[in-house]
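Visitor: I have not looked at this structure before, and I would like to be taken through it step by step. Could you answer my questions as we go?

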Amino acid sequence: MIFGFPLLSVAIWLPIIFGMLVLATGNDRNASLARVIALVGSILGFLVTIPLYLGFDKMTSAMQFVELRDWITHFNIHYHLGVDGISVLFVILNSFFTPLVVIAGWKVVEKRVAQYLAAFLIMSGLINGVFASLDAVLFYVFWEAMLIPMFIIIGVWGGSNRVYAAIKFFLYTFLGSVLMLIALLYLYIQSGGSFAILDYHQMSIPMTAQILVFIAFFMAFAVKVPMFPVHTWLPDAHVEAPTGGSVILAAIMLKVGAYGFIRFSMPIVPDASHYLAGMMIALSLIAVVYIGLVALAQTDMKKLVAYSSISHMGFVTLGFFIFNAYGMEGALLQMISHGFISGALFLCIGVLYDRMHTRNIADYGGVANKMPVFAAFFVLFAMANVGLPGTSGFVGEFMVIMGAVKVNFWYAFAAASILIFGAAYTLWMVKRVIFGAVANQNVAQLTDITMREKLIFIILALTVLIMGLYPLPFTEIMHTSVNDLLVHIARSKL
Amino acid sequence: MSYLSTLSSAYAEIFLLVMASSILIVDLFVTNPGKTLTYVLVQLTLLSCALITVMTHEPIVVHLFNNMFVDDLMSDVLKLFSYLAISMVLVYSRSYLMLRGLFTGEFMVLTLFALLGMMVMISATHFLTLYIGLELLSLSLYAMVALQRDSATATEAAMKYFILGALASGLLLYGMSMLYGATGTLEVAAISDAIMHGVDNKALLVFGLVFVVAGLAFKIGAVPFHMWVPDVYHGAPTAITMLIGSAPKLAAFAFIMRILVDGLQPLVMHWSGMLAILAVLSMAVGNITAIAQTNLKRMLAYSTIAHMGFLLLGVLSGGIDGYSSAMFYVVIYVLMSLGGFGMIMLLSREGFEADKLDDFKGLNQRSPWLAFMMLILMFSMAGVPPTAGFYAKLSVLQAVVGAGHIPLAVMAVMFSLIGAFYYLRIVKLMYFDAPESHVPIAIQPDSGLLISINGLAVLALGIMPGTLITVCAVAVQKSLMLH
């Protein structure tokens with residue numbers, strides 16, 4: 001807390017309050033007012049997270065900006081917030097994306113504008129809550145509550161098969177979460193009545209229980225990440241969601257699952273994590289290789305990027321479960337970088353979709369002739385997705401591969417295949433969509449991106465490049481927390 | 001001390017009886033079709049009852065009428081919620097019943113008598129008073145289900161309800177008589193003592209227990225004794241369905257507490273197993289069958305069955321945690337079910353029942369506010385935070401895990417997951433589909449305000465559930481004789 005100012009609470013509740021305000025503007029007659037309020041709210045929401053970075057003490061792995069109040073005294077549940085060097089980055093990343101999504105939907109969404117924007121603002125606050133919670137029930141409340149706006153976003157503003165995708169998304173993630181709830185209740189009972197996550201970190205748990213708890217957490221987090229074989233909801237949700245929904249899904253929501261592994265699974269049940277690391281690594285590598293191949297076969301751009309996300313998230317979980325500093329930091333960088341890149345790619349596809357109303361790769365060709373500025377951005381983000389040195393995509397992947405080499409050459413070998421498959425499916429898509437001769441009449445009528453769209457892409461392109469060329473601001477803030485986490489995980493809790 | 005002043009703990013019941021009888025007579029002279037005077041009198045009676053209950057509250061447990069009746073914190077809290085629920089039922093159903101010509105003095109008086117039955121059940125500590133309360137409640141409800149005389153479905157529902165209800169009462173009485181035979185007393189506390197000191201005929205005792213549990217299961221509609229629930233919920237006028245589906249559950253909870261926990265606690269190892277079977281079956285059948293329903297009232301009926309299964313989980317977990325979680329669950333459940341049925345009545349109009357799922361299509365476009373309220377109610381029933389329903393499930397699951405029944409907890413959440421589907425379907429219909437009808441929704445100011453309060457209360461209790469949880473825990477702690 002700086003000067004007693006509850007920054008984290010503001011980061012959570014400010015977007016939610018603005019979301020309520022937007023909702024109060026009512027029907028589409030006041031759409032422009034709703035847009036302005038939403039923009040102001042989202043920008044303010046981002047600005048309040050900047051002091052979190054500036055005021056952050058990089059020397060300690062302890063929780064900072066801590067807020068602790070009684071909430072449900074009978075169950076010893078607290079309103080307990082705080083961030084360490086890992087979670088602070090995601091709070092900022094999430095708040096950074098909200099204004100972009102609001103701007104991206106500025107002209108595009110025309111029906112029930114207020115509800116659309118309100119859903120995003122409320123979700124932004126809830127996701128901040130997930131990253132900042134230090135109480136298990138508080139975490140769970142935010143974790144589940146963020147499903148509701150996403151469910152509505154996919155179902156109301158989504159594509160033709162949106163209802164199926166929305167219900168599949170909700171039930172799939174709900175399945176994972178309820179098992180986690182049982183695990184949390186078990187920990188509550190075992191710890192003698194505490195819901196504090198940090199207490200769980202210190203608690204010793206017998207091996208059988210550790211494995212069961214790990215599996216319960218795995219169900220919750222693996223579905224969210226998503227890991228093979230519970231990834232099947234993601235392509236559906238991505239394809240059907242409106243652009244903004246896809247961006248938040250890919251950039252933020254997937255990170256929530258990975259964050260769960262490092263906040264819950266690994267520190268709470270380290271022995272089970274080591275014991276089951278083989279399985280986790282195997283699943284991660286399957287995701288990298290197999291899903292990479294699946295991406296190669298896609299004819300729908302959004303589906304292709306969706307599969308690419310799963311493949312890249314496989315890298316993240318691989319980085320976690322090789323238990324060394326390179327892997328862990330690389331994975332975290334990869335999470336952030338993938339947030340920027342996949343968000344940008346979905347925005348690019350959104351730009352094309354708004355003009356052509358199709359996502360089929362076959363419907364495009366030679367877009368560069370008509371939209372040169374757009375094509376430049378698209379190629380940049382595609383290159384970042386491939387992991388070209390100098391872009392943010394490179395740093396994380398390189399570090400994870402380095403970490404993997406230390407553990408087992410073949411892990412690294414399999415993981416490195418992402419560089420080939422990733423290049424194959426991304427560049428092939430770029431070739432078919434952007435380059436070549438103008439494919440058809442519709443493409444010939446395309447107009448280049450507007451100022452509004454340019455603004456979003458410039459911001460994202462700069463972030464991708466800065467992070468690729470100078471990742472220190474990102475690594476130095478997480479360094480102490482990551483090291484302490486690794487030391488903690490290495491200790492047995494039997 | 002005069003005899004009258006020792007009665008103070010039962011003043012609320014006595015006052016209600018006097019008022020119900022007086023209103024019956026006053027109503028003869030109220031001729032306007034809205035029955036305004038009767039309605040106002042009934043609401044004032046409920047308010048006065050609440051005041052009396054609060055004012056006659058004693059910090060200690062008071063036994064009356066030779067241990068037939070008890071006044072403790074749990075009974076006071078449950079009674080207050082019952083008044084609130086009944087009052088809400090009347091507000092919700094007023095214009096609905098008026099349009100159908102059913103908003104009569106009989107309806108209101110029968111409601112009051114049903115409430116009196118519930119209050120007796122809540123405070124009873126003797127098999128006789130328990131049974132009298134139950135029958136007073138049931139008979140009033142049978143009559144009310146048949147209130148719509150010219151409706152074939154309502155009459156059929158009333159017949160079913162009556163016959164099966166009578167059967168259940170028979171089972172219960174039979175079980176009680178066996179317990180009497182085994183222990184030689186009808187007093188709940190004395191039965192418990194007698195069992196603890198050893199009973200010669202153990203078989204008789206267990207047989208009695210089986211019959212009592214079966215009777216209870218019938219009354220709350222737990223599987224496999226649930227057949228009457230969907231038909232009665234569907235057939236009865238929605239206002240009556242709402243009445244059946246709300247306040248009586250509070251009384252049923254008290255009933256279970258008094259018989260199983262106060263009276264038969266020494267047999268807990270026997271009855272907790274039975275409740276586990278009932279609970280799992282109820283959650284399974286309730287949640288799975290609800291998916292196949294196209295009528296919202298039937299769907300809510302099956303959802304009630306599933307919720308009762310969850311309630312039983314809390315009871316069988318035992319201890320302060322278990323019982324208080326069950327109490328919290330039932331209070332939250334009543335609040336949600338009032339909102340759910342209230343919404344059906346709100347969307348209904350003359351000659352039209354909005355009780356089919358398709359009637360909710362595109363509600364978000366017709367009335368965003370009502371759709372939002374229904375969204376909160378549905379997510380709450382599904383147990384998704386930040387709504388009250390989540391904490392209800394959380395506290396029950398906490399008790400279940402605390403009692404070491406982790407497989408039961410896993411089953412419970414799996415069935416909740418299945419249940420989430422049909423609640424989500426309502427949200428899907430409201431938000432994702434286009435409306436089928438564009439008839440403007442005429443909302444009465446009173447019921448419109450109430451549904452808003454109701455929905456927002458579910459949300460507010462989802463953000464700040466602490467007080468109510470503590471109230472339930474303290475009430476249980478101070479009231480039950482836990483050995």
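Visitor: In which helix of chain B does His307(B) lie?
Guide: This is a predicted model, and local features are described only where pLDDT is at least 70. Within chain B, the residue His307(B) belongs to the helix that spans residues 296-317, which is α14.

Visitor: Is His307(B) buried or exposed?
Guide: A residue is called buried when its relative accessible area is under 20%. His307(B) has a relative accessibility of 3%, and therefore it counts as buried.

Visitor: Which residues does His307(B) touch, leaving aside those up to four places away in sequence?
Guide: A touch here requires heavy atoms within 4.5 Å. With sequence neighbours up to four places away left out, the partners of His307(B) are Met336(B), Met381(B), Lys393(B), Tyr329(B), Tyr333(B) and Tyr423(B).

Visitor: Which residues have the most contacts inside the largest nonpolar core?
Guide: In soluble globular proteins, nonpolar side chains tend to be buried together. Here the largest nonpolar core holds 404 residues, and those with the most contacts inside it are Phe97(A), Phe320(A), Phe374(A) and Trp271(B).

Visitor: Which helix of chain B gives the most to this core?
Guide: The contribution in question amounts to 19 residues, and it comes from the helix of chain B that covers residues 319-347, namely α15.

Visitor: Between which domains of chain A does this core lie?
Guide: Chain A is divided into two parts, with residues 1-145 in one and residues 146-490 in the other. Both of them give residues to the core, so it lies between domain 1 and domain 2.

Visitor: How much area do domain 1 of chain A and domain 2 of chain A bury between them?
Guide: The C-alpha centres of domain 1 of chain A and domain 2 of chain A lie 21 Å apart, and the contact takes 51 residues from domain 1 and 64 residues from domain 2. Carbon and sulfur atoms account for 75% of the area that these two domains of chain A bury, which is about 5,100 Å².

Visitor: How much area is buried between chain A and chain B?
Guide: The size of an interface is often given as the accessible area lost when the parts come together. Here 34 residues of chain A are in contact with 42 residues of chain B. Carbon and sulfur atoms give 83% of the area buried between the two chains, which is about 3,400 Å².

Visitor: Which residues of chain A lose the most area to chain B?
Guide: Together these residues make up 16% of what the chain A side buries, and they are His74(A), Phe75(A) and Ile182(A).

Visitor: Is Asn76(A) buried, partly exposed or exposed?
Guide: Asn76(A) sits in the loop between β1 and β2 (77-83) of chain A, and its phi is near 60°, a positive value in a residue other than glycine. The middle class runs between 20% and 50% relative accessible area. At 31% relative accessibility, Asn76(A) therefore counts as partly exposed.

Visitor: And is Phe65(A) buried or exposed?
Guide: Phe65(A) is found in strand β1 (residues 64-72) of chain A, and its phi, near 55°, is a positive value in a residue other than glycine. With a relative accessibility of 6%, Phe65(A) counts as buried.

Visitor: Which residue is joined to Val225(A) by a cis peptide bond?
Guide: The omega of this bond is about -15°.

Visitor: Which residue is joined to Val223(B) by a cis peptide bond?
Guide: In chain B, the bond has an omega of about 5°.

Visitor: How many aromatic pairs does the structure hold, and what kind of pair do Tyr233(B) and Phe341(B) form?
Guide: Over all chains, the structure holds 52 aromatic pairs. The ring centres of Tyr233(B) and Phe341(B) are 5.9 Å apart with their planes at 65°, so this pair is edge-to-face. Because Tyr233(B) lies in helix α10 of chain B and Phe341(B) in helix α15 of chain B, the pair ties together parts that are 108 residues apart in sequence. To repeat what was asked, the total is 52 aromatic pairs, and the kind of this pair is edge-to-face.

How values were computed
Residues numbered from 1 in each chain as written. Chains lettered and ligands numbered in written order. Predicted model: local features only at pLDDT ≥ 70, side-chain atom pairs only at ≥ 80, totals over all residues. Heavy atoms only, no water. Core = buried A, V, L, I, M, F, W, Y, C linked by side-chain atoms within 4.5 Å. Buried < 20%, exposed > 50% of the residue type's maximum accessible area, 1.4 Å probe, protein only. Helix = DSSP H or I, 4+ residues; strand = E, 2+ residues; numbered from the N terminus. Domains from an automatic or database assignment. Phe/Tyr/Trp six-rings, centres within 6.5 Å; stacked < 30°, edge-to-face > 60°. Buried area = accessible area lost by both parts, 1.4 Å probe.
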